[in-house]
Amino acid sequence: MPSTLIRNTSYDEAARILSIWFVTSRNRYDYMDVPPGIYDDFRQAFSKGRFFNQHIRDVYRYRIYRS
C-alpha cells in the first residue's frame, strides 16, 4: 500500500541499516541496527507511517543525509 508519509525505503541487511525517504523531505534518513524482522514487519504493515511511528521513529538511532 502506498504511504502518505514515506516515499521510498531500502534495507541493507548486512549493515542492518534501514534507509527512508519521506514525502516531505529530500533527505535520506538512515536508521541504525534495525533487525531484519522489524524491516519485514514494516514492509508488510498495512500503514507504513503508523508502523514507523510506533516501532522505528523513537527506537533506533538515525543519521540524516542531506540532498
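Helices (H or I, at least four residues) and strands (E, at least two) are DSSP runs, numbered from the N terminus. This is a predicted model, in which local features need pLDDT of at least 70 and side-chain atom pairs count only at pLDDT 80 or more, while totals for chains, interfaces and linings use all residues. Residues are numbered from 1 along each chain as its sequence is written, and side-chain values use heavy atoms, with hydrogens and water left out.

**Loop between S2 and S3**

- Ser 25 lies in the loop that joins S2 and S3.
- With a relative accessibility of 16%, Ser 25 counts as buried (buried means under 20% relative accessible area, exposed over 50%, partly exposed in between; 1.4 Å probe, protein chains only).
- The Ser 25 side chain reaches the backbone nitrogen of Asn 27 at 3.0 Å.

**Nonpolar core**

- A nonpolar core is a set of buried Ala, Val, Leu, Ile, Met, Phe, Trp, Tyr and Cys residues joined through side-chain atoms within 4.5 Å.
- The largest such core has 15 residues, of which Leu 18, Ile 20, Phe 22, Tyr 31, Phe 42, Phe 52 and Ile 56 touch the most other members.
- At least two residues of this core come from each of S1 (6-12), S2 (17-22), S3 (28-31), H1 (36-44) and H2 (48-55), and S2 supplies the largest share, 3 residues.
- Leaving aside residues up to four places away in sequence, Phe 42 touches Ile 6, Thr 9, Leu 18, Ile 20, Lys 48, Phe 51, Phe 52 and Ile 56 (contact means heavy atoms within 4.5 Å).

**Aromatic rings**

- The structure contains 7 aromatic pairs (ring centres of Phe, Tyr and Trp, the last by its six-membered ring, within 6.5 Å; planes under 30 degrees apart are stacked, over 60 edge-to-face, the rest tilted).
- Phe 22 and Tyr 29 form an edge-to-face pair, 5.1 Å centre to centre with 80 degrees between the planes, and both residues are buried.
- The ring centres of Phe 42 and Phe 51 are 5.9 Å apart and the planes lie at 40 degrees, so this pair is tilted; both residues are buried.
- One aromatic cluster is formed by Phe 22, Tyr 29, Tyr 31, Phe 52 and Tyr 62.

**Helix H2**

- Lys 48, Gly 49, Phe 51 and Phe 52 are the buried residues named in H2.
- These residues cover an arc of only 165 degrees around the axis, which puts them on the same side of H2 (the arc is that of the directions from the helix axis to the C-beta atoms).
- Arg 50 and Gln 54 are exposed on the other side of H2.
- The packing partners of the buried H2 residues are S1, S2, S3 and H1.

Methods. A polar contact is a pair of N or O atoms within 3.5 Å; within protein, one must be able to donate a hydrogen and the other to accept it, and residues adjacent in sequence count only if both atoms are side-chain atoms.
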